[in-house]
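Hi everyone, thanks for coming. Let's look at one chain together, and please have the picture open while I talk.

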Amino acid sequence: MSDERPTPSSYQRPAGGPGQRPTGGPGGPRKRRPFQRRKVCRFCAEKNLTIDYKEPRTLRFFVTERGKIVPRRISGNCAAHQREITEAIKRARNIALLPIAANHAIG
Ligand SMILES: [Zn+2]
């Protein structure tokens, strides 16, 4: 009995087979993001850098375009400084130095 099977190289995979796509659908395989250099808190690194609600230029680094505060895992701040940042940002918002929402953005 000759049982000829297609070799893996000549065998053509059916395109769009069921369950073949690695992407799509909730609970799919998570993309491993490339290892990022461990960020160090820039306020710990630079002692002369101060967190001041009157300095929106500094605070801008920790606010997204839409006016949200950047989370610590993104900004790399330490807990103590992140707290100071959030406080400063909230104060700056109150006196309209920083946007509260995207529509409030100043040039
Ligand atoms: Zn710090």
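What you see is a predicted model, so a word on confidence comes first. The chain averages a pLDDT of 79, and 64% of the residues score at least 70. Please keep in mind that where pLDDT is low, the predicted coordinates should not be read in detail. Among the helices, where is confidence lowest and where is it highest? The lowest mean, 90, belongs to helix H2, residues 56-59, and the highest, 95, to helix H4, residues 79-94.

Now the overall layout. The chain has 4 helices and 0 strands, and reading along the sequence gives the pattern α-α-α-α. There are 107 residues, and 11% of them are buried. Take the contacts with a separation of 6 or more: 62% of these link residues 24 or more positions apart.

Let's move to H4. With 16 residues, H4 spans 23 Å from its first C-alpha to its last, close to the 22 Å expected at 1.5 Å a residue. Which residues of H4 are buried? They are Gln82, Ile85, Ala88, Ile89, Ala92 and Arg93. These six cover an arc of only 135° around the axis, so they sit on the same side of H4. Here is a handy rule to go with that: an α-helix has 3.6 residues a turn, so residues three or four places apart point the same way. On the other side of H4 you'll find Ala79, Ala80, Glu87 and Asn94, which are exposed. And what do the buried residues of H4 pack against? Their partners are H2 and helix H3, residues 72-75.

In soluble globular proteins, nonpolar side chains tend to be buried together. In this model, the largest nonpolar core has 8 residues: Tyr53, Leu59, Phe62, Ile85, Ala88, Ile89, Ala92 and Leu98. H4 gives the largest share of this core, 4 residues. Leaving aside neighbours within four places in sequence, isoleucine 89 is in contact with Leu59, Phe62, Val63, Ile69 and Leu98.

Alanine 96 lies in the segment after H4. Is alanine 96 buried or exposed? It is exposed, because 11 other C-beta atoms lie within 10 Å, and the cut-off for exposed is 12 or fewer. Its backbone deserves a look too. Most residues other than glycine have a negative phi, and most peptide bonds are trans. Alanine 96, although not a glycine, has a positive phi of about 65°.

Next is lysine 54, in the loop between H1 and H2. Lysine 54 counts as exposed because it has 11 C-beta neighbours inside 10 Å. Going from C-alpha to C-alpha, lysine 54 is 6.6 Å from alanine 92, although the two are 38 residues apart in sequence.

Valine 40 is exposed, with 11 other C-beta atoms within 10 Å. Which residues does valine 40 contact, leaving aside neighbours within four places in sequence? They are Ala45 and Gly76. Glycine 76 is 36 residues away from valine 40 in sequence, yet their C-alpha atoms are 5.8 Å apart.

That's my tour, and I'm happy to take questions.

Terms used. Residues numbered from 1 in each chain as written. Predicted model: local features only at pLDDT ≥ 70, side-chain atom pairs only at ≥ 80, totals over all residues. Buried ≥ 20, exposed ≤ 12 C-beta atoms within 10 Å, placed from the backbone. Contact = placed C-beta atoms within 7 Å. Helix = DSSP H or I, 4+ residues; strand = E, 2+ residues; numbered from the N terminus. pLDDT = per-residue confidence, 0-100. Expected span 1.5 Å × (residues − 1). Arc of directions from axis to C-beta. Core = buried A, V, L, I, M, F, W, Y, C linked by C-beta atoms within 7 Å.
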